[in-house]
Amino acid sequence: MRVKTFRAPSMADCLSQVRQELGKEAVILGSQSVREDGRTLCEVMAALEQPEAAAAPRPQAAARRAGPNGAKGGNGKAAAPAARRAEEANAPAAPAGDWNREWGEIKGHLLALLRPRMDFSALSPRQRLALEYLEREGVDEAAVLALFRSIIERGEDTVIPALSRIVRVKPLTPQEWPEAAHMFVGPSGVGKTTVLLRLALAARSATPGARVTVANADGGRGKGRMILRHFAELSGLTYAEADSPEDFRRLLDAAGAGEAVFIDAPSLRGEGAMAAWCAAMGLAAARNLRVHLVLSPVFAPAQTAHFLRVYQCPALSSLVWTKLDEACNYGSLVNMAHASSLPVSALAHGPELTQGMAPASGKAVWKLLFKHQLPGEYAEAGA
Ligand SMILES: Nc1nc2c(ncn2[C@@H]2O[C@H](COP(=O)(O)OP(=O)(O)O)[C@@H](O)[C@H]2O)c(=O)[nH]1
Ligand SMILES: [Mg+2]
């Protein structure tokens, strides 16, 4: 079945688009008014009960519409040459990457179907205000729907319990994450090395005299490695390099024995790249490795979704949010938590090594989301 949503200034225009694109057999699944750029538009969701190939205008029908000269169809577009259609029919199956896009489209259609059922009048006025606020802050439809359903199903009075189930918190402290080596992954420049150094310095001051290791796993790719080595030398941290399964085994054994170990992973490209890299480094089944994905709300939604796919790996355990000081709203944090099902472990809100980060806490997350207050701007961010 092919499902598609159409938008136009009037219902008649919408239906004409449906007919042009899906044909007369299209079934209307639903319609509603939507606001877009300050205008009210009519939105129609229509479906065609036919395989994808049959949904395209049939050659005879297209030829009939094009008239005897075969020039243009009614929509002004040239009819697709038969040869190209044959080529398309013979095209190999979609590569795995396309499934993500297709799944994204299906999700979009399902959400559009469910959206009319998300009747905000079923909420209390305060809950409604809270959800409308979150929508304005950039919380996406999937996360708002999850919140709405969670509130309705449990009959809760406030929004915070439902939000807490989506944005879970597990502070990045030795107590919460014992005997594990921590590896930081994420796009270049997001703040991985800075996060790692802050944690290493905090671990060293928490237990003076204890061995704290910072390891570079960047395959010797220059800058980050030099910064790490330099800081390690200046601050009395142990510096290591990790380029092979043997190197990682040594680091994980040390973490298992109680040593604080922080690993700076390379930035990677391509969906599934992190899982492949972990497998190559013998980390596919590492028991005491915790991988933290470092992301920032300054990234566009498509980038964030892409990074979640690139850095998916067996030991992925939490999200670290950075550059909170550079963001203008924080709805995307809810989206990241919802899309990944990972807890948030730390909040970085400035470039300073000593005061730029706080362990995640419910209070810090709600202050950020509802008041735009950074953890450094009030007392007890970690409470
Ligand atoms: N404003 C701001 N800058 C940050 C934050 N975290 C890191 N930075 C800066 O971002 C730049 C890149 O950080 P780095 O840790 O090298 O990123 P990496 O490439 O992911 O390792 C550096 O100049 C950091 O000082 C933050 O939370 N806020
Ligand atoms: Mg780095």
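Visitor: In what order do the 3 strands of the open sheet run?

Guide: Keep in mind that this is a predicted model. The 3 strands make an open sheet with antiparallel pairing. S1 (2-8) and S2 (27-36) sit at its edges, each with a single partner strand, so one side of each has no neighbour in the sheet. The order is S1-S3-S2.

Visitor: And by how many degrees are neighbouring strands of this sheet turned against each other on average?

Guide: Direction is ignored for this one.

Visitor: Which residue of S3 is the bridge partner of Arg7?

Guide: Start with the pairing: S1 and S3 (residues 39-48) run antiparallel over 7 bridges. Arg7 has its bridge partner in S3, and that partner is Glu43.

Visitor: What about Ile28, which residue is its bridge partner in S3?

Guide: Here we're looking at S2 and S3, which pair in the antiparallel sense over 9 bridges. The bridge partner of Ile28 in S3 is Ala46.

Visitor: Which residue in the turn of the S2 and S3 hairpin has a positive phi?

Guide: The hairpin leaves 2 residues between S2 and S3. The phi in question is about 55 degrees, and the residue is Asp37.

Visitor: Which strands does helix H1 touch?

Guide: H1 (residues 11-22) packs on the sheet, and its direction makes about 145 degrees with that of S1. The strands touched by H1 are S1, S2 and S3.

Visitor: Are H6 and H7 roughly parallel or roughly antiparallel to each other?

Guide: The axes of H6 (residues 125-136) and H7 (residues 141-154) come within 11 Å and cross at roughly 165 degrees. Angles over 145 degrees count as roughly antiparallel. So the answer for H6 and H7 is roughly antiparallel.

Visitor: How many nonpolar residues are in the contact of H6 with H7?

Guide: H6 brings Gln127, Leu131, Leu134 and Glu135, while H7 brings Val144, Leu147, Phe148 and Ile151. Sorted by class, there's 1 polar and 1 charged residue, and the nonpolar count is 6.

Visitor: Which helix gives the most to the shell around ligand 1?

Guide: Ligand 1 is surrounded by 17 residues, and the closest are Gly191, Lys192, Thr193, Thr194 and Pro351. The top helix contributes 3 residues to the shell and spans residues 192-206: H9.

Visitor: How many polar residues does that shell around ligand 1 have?

Guide: Take the other classes out of the way: 3 residues are nonpolar and 4 are charged. The polar count is 10.

Terms used
Residues are numbered from 1 along each chain as its sequence is written. Chains are lettered from A and ligands numbered from 1 in the order in which they are written. This is a predicted model: local features need pLDDT of at least 70, side-chain atom pairs count only at pLDDT 80 or more; totals for chains, interfaces and linings use all residues. Axes are lines fitted to C-alpha atoms, for helices over the stretch in contact, and angles run from 0 to 180 degrees between N-to-C directions. Helices (H or I, at least four residues) and strands (E, at least two) are DSSP runs, numbered from the N terminus. Angles under 35 degrees count as roughly parallel, over 145 as roughly antiparallel, 65 to 115 as roughly perpendicular and the rest as oblique. Two residues are in contact if their C-beta atoms, placed from the backbone, lie within 7 Å. Ala, Val, Leu, Ile, Met, Phe, Trp, Tyr, Cys and Pro count as nonpolar, Asp, Glu, Lys and Arg as charged, and the others, Gly among them, as polar. Two strands pair if DSSP finds at least two bridges between them. A residue is near a molecule or strand if its C-beta atom, placed from the backbone, lies within 6 Å of it.
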